Amino acid sequence: MSARPVWAEISLPRLLRNYQRLCAAVPPGAGLLPVVKANAYGHGLVLCGPALAAAGAQWLGVTCAEEGVALRAACESQGVAPGRPGTPGILLMSGLWSGQAEAVLEHHLTPVIWEPGHLDLLEAAAARRGMPPQSLPVHLEIDTGMSRQGVRVAGAAGAAERAAGAAGAAELDRLLARFDPSSCLRLEGVMTHFSTADTFLSTQENSQIASFSAAVRQIRAAGLAPALLHAGNSSTILAGPDAAKLAALAAEAGATLLLRPGLALYGYLDRMTRDRNPYSPPGEASYEPVLAWKTRVTSLRTLRRGETAGYGNTFVAERPSRLALLPAGYADGVNRLLSNRGHVLIRGELAPIAGRISMDQTIVDVTDVPEAAIGDEAVLLGRQGERSIAVWDLADLAGTIPWEVLCAIAARVPRIIAD
Ligand SMILES: *Cc1c(COP(=O)(O)O)cnc(C)c1O
């Protein structure tokens, strides 16, 4: 049976080149924790995760235990198993729920923790297995301003901030007390995630780094010596002074710094590095997009002037028009806000989306692509001939961000290795 023609082509050589570029861009002594959460930003966890591990990634970041188990299995099926050299640590970055601690132990996953309840779950599971003291590594998250996850610490001036800081410090001390030498828990890492992660203006990050530094000092004053500190995303690596500040903090704490790139790894920094990022050196080697999203023309029809297309008749032919049908709709991840706004590429030309995007189909206007024929490849995202449709362009048109455009590509769209 041949498949419905909607697919995403993944280039592992591009992924690995981006990875190597990022490795070269971090401060001396620092490492990377490539982020492969949410099905590797839609690029396919089981394709990208093991490829990065084989290229030397010592850590990979996922959302939750389910993703961690799938990634561990994919790595093992390619011969990268716990206990063997080159086996990546798998960091669960968004919490831990009742019933997941067993999977953490079974599959050697490393949870980010910040709630006492996380430690309760892990200690109970470790006790059931009779695990020895300090045998279960965890990473502690510090909330430096996102107010989302982590132990809240406040670093800055002002009486209110000092009061909040004191409360945060007390909360942190209570959590640190759980890491006494008899506990099965070991504080292997301390991390934070900046609320400015999606911008390149790092003025706010400065106060966040100050808060993170204060927390790291408090942790060391409590007699704990985490081996890893990690913070910062794609923008931190590529934008200015923050990576160097974090490296200085890690050196002071006797720890190794890891930075956690996601979007840069998959190659969608074109806009950031050229137009938006004031720190970007001119002529900097660009990151290459790893994914191309494609479909094919499956039907064609001609409309007379005044005839309409799609739900709600929102496309009205202003001239005799030729319309092509594509078997990809919003259930495949084509954002419905691109209705009558977006384009696809057919025979190297831009073909505008005509009418409302349906659940499983999209109509495009190929009046100006007269050679268009059934079976032609249509590019939703990526390059065809001289033109390309960039993830940033789709995000702008749909009023969203590249991260969401990529994650929205549905599970039913097969990911195929392109080269
Ligand atoms: C998603 C995520 C990242 C990666 O962010 P990018 O902006 O895609 O580089 C890093 N750290 C954490 C905690 C994340 O959740």
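Select Val366 and the residues it touches: Leu300, Arg322, Leu323, Ala324, Ile346, Ala351 and Ala372, not counting residues up to four places away in sequence. Touching, or contact, means heavy atoms within 4.5 Å. This is a predicted model, where local features need pLDDT of at least 70, side-chain atom pairs count only at pLDDT 80 or more, and totals for chains, interfaces and linings use all residues. Residues are numbered from 1 along each chain as its sequence is written, and side-chain values use heavy atoms, with hydrogens and water left out.

**Stop 1: Val366**

Stay on Val366. It lies in the loop between strand E18 (362-365) and strand E19 (377-384). Helices (H or I, at least four residues) and strands (E, at least two) are DSSP runs, numbered from the N terminus. Is Val366 buried or exposed? Val366 is buried, because its relative accessible area is 0%. Buried means under 20% relative accessible area, exposed means over 50%, and partly exposed is in between (1.4 Å probe, protein chains only). Val366 and Ile353 are 13 residues apart along the chain, and their C-alpha atoms are separated by 9.3 Å.

**Stop 2: Ser358**

Select Ser358 next. This residue lies in the loop between strand E17 (349-352) and E18. Ser358 has a relative accessible area of 16%, so it is buried. Which residues does Ser358 contact, leaving aside its neighbours within four places in sequence? They are Tyr311, Gly329 and Tyr330.

**Stop 3: Ala317**

Move to the loop between strand E14 (315-316) and strand E15 (321-326), where Ala317 is found. Ala317 is buried, because its relative accessible area is 2%. Then pick Ala354. Ala317 and Ala354 are 37 residues apart in sequence, and 9.2 Å apart in space, C-alpha to C-alpha.

**Stop 4: Ile409**

Go to Ile409, in the loop between helix H14 (402-407) and strand E21 (415-417). Ile409 counts as buried because its relative accessibility is 3%. Its contacts are Leu291, Trp293, Asp332, Gly333, Leu381 and Arg415, not counting residues up to four places away in sequence. Pick out Trp293 from that list. Ile409 and Trp293 are 116 residues apart along the chain, yet their C-alpha atoms are separated by 8.7 Å.

**Stop 5: helix H4**

Select residues 65-77, which form helix H4. H4 has 13 residues and reaches 18 Å from its first C-alpha to its last. That is close to the 18 Å expected at 1.5 Å a residue. The expected span is 1.5 Å times one less than the number of residues in the helix.

Which residues of H4 are buried? Colour Ala65, Glu67, Gly68, Leu71, Arg72, Ala74 and Cys75 to see them. An α-helix has 3.6 residues a turn, so residues three or four places apart point the same way. Now show what the buried residues of H4 pack against: helix H2 (37-41), helix H3 (45-54), strand E3 (59-62), strand E4 (89-92) and strand E5 (109-113). Just after H4, stop at Gly79, which takes a positive phi of about 85°.

**Stop 6: two positive phi angles**

Most residues other than glycine have a negative phi, and most peptide bonds are trans. Select His108, where phi is near 55°, a positive value in a residue other than glycine. His108 sits in the loop between helix H5 (101-106) and E5. At 48% relative accessibility, His108 counts as partly exposed.

Then select Gln134. Its phi is near 60°, also positive in a residue other than glycine. Gln134 is placed in the loop between helix H6 (116-128) and strand E6 (136-143). Gln134 counts as partly exposed, because its relative accessibility is 34%.

**Last stop: the whole protein**

Zoom out. How many helices and strands are there in the protein? There are 14 helices and 21 strands. The C-alpha atoms fill a box of roughly 80 × 50 × 40 Å, taken along the principal axes. Buried residues make up 53% of the 419 residues. Look at the contacts between residues at least 6 apart in sequence: 73% of them join residues at least 24 apart.
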